[in-house]
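Please read the following report with the sequence and the model side by side, and look up each residue as it is named.

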Amino acid sequence: MSLAATDPMLPRFARVLKKRREGADVFTLDLEVPPDTPPFAPGQFNMLLLPGIGEVPISFSGDATDATRLVHTIRAVGPVSAALTRLSAGEMVGVRGPYGIGWPMAEADGQDVVVVAGGLGLAPLRPALYHLMANRARYGNVTLLYGARGPAEILFRRELENWRRRLDMDVEVTVDHAGPDWHGHVGVVTTLFRHAAFDPPNTIALVCGPEIMMRFAALGLRDVGVVADRIYLSMERNMKCAVGLCGHCQFGPVFICRDGPVFTFERLAPLLAVREL
């Protein structure tokens, strides 16, 4: 067993197998799986490192049952993430992980599942969607509600179209603004709740997107009858060490990297209500 397998602060190095453009500034990297890398669960994340530039947390966006590659979808918003999106096949990237607490897939057994995604938030939810589809008989109604800023920002279009064609999954997509050639919904993602078929007392909701979107989505789900401890949010804060030592991602009494990134709304609601926390 390598030293990196026992020391959570030491990266393994992986080769980029493939890069795909998902949007104007969003790319998906397929990485080879380094030796001694444990499997990940939907909702967990890796720390991706470029020596001399820095390290950032990036959620998994691939199938957790695929042992041939690690998949990460990245938006170029800072020096490290921008440099990651400029990598080409064959180049190397440091990998630490997997880290964090993921989506409650086992707890969702036998329940209706509502997946609410905003923008890039669809990427951390994609492993959960793969799991739901691969184990479809274990769940009740499955609904995906996805909101993007505009039609050009919609991620994973081919998969959305394939999921929409399934007879055992409901998919609704909305955009904040669009031109006359868009024939879908227009409005924030919470406006899609009225189109979703689920039984609130027997529903688990998985929510990921911008923090303000998650807050309003969680409140909307609670208003239609989904209880707060069955609404799960994936938080994104300034994670640096990924093991709860540095304190960069502290959010009130919790550390996002160690105690999350997935939390129940019941746990987060008092913290989200504190301005500037």
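How many bridges join strand β3 to β4? Six bridges join β3 (residues 45-50) to β4, and the two strands run antiparallel; strands pair if DSSP finds at least two bridges between them. This is a predicted model, in which local features need pLDDT of at least 70 and side-chain atom pairs count only at pLDDT 80 or more, while totals for chains, interfaces and linings use all residues. Residues are numbered from 1 along each chain as its sequence is written, and side-chain values use heavy atoms, with hydrogens and water left out.

The elements discussed here are DSSP runs, numbered from the N terminus: helices (H or I) have at least four residues and strands (E) at least two.

| Element | Residues |
|---|---|
| β2 | 26-31 |
| β4 | 54-59 |
| α4 | 157-165 |

Three residues lie between β3 and β4, which form a hairpin, and G52 in the turn has a positive phi of about 85°.

In helix α4 the buried residues are E159, L160 and W163. Seen down the axis of α4, these residues fall within an arc of 100° (taken from the directions from the helix axis to the C-beta atoms), so they line one face of the helix. The face turned away from this buried side carries the exposed residues R158 and R165.

Definitions and conventions
Buried means under 20% relative accessible area, exposed over 50%, partly exposed in between (1.4 Å probe, protein chains only).
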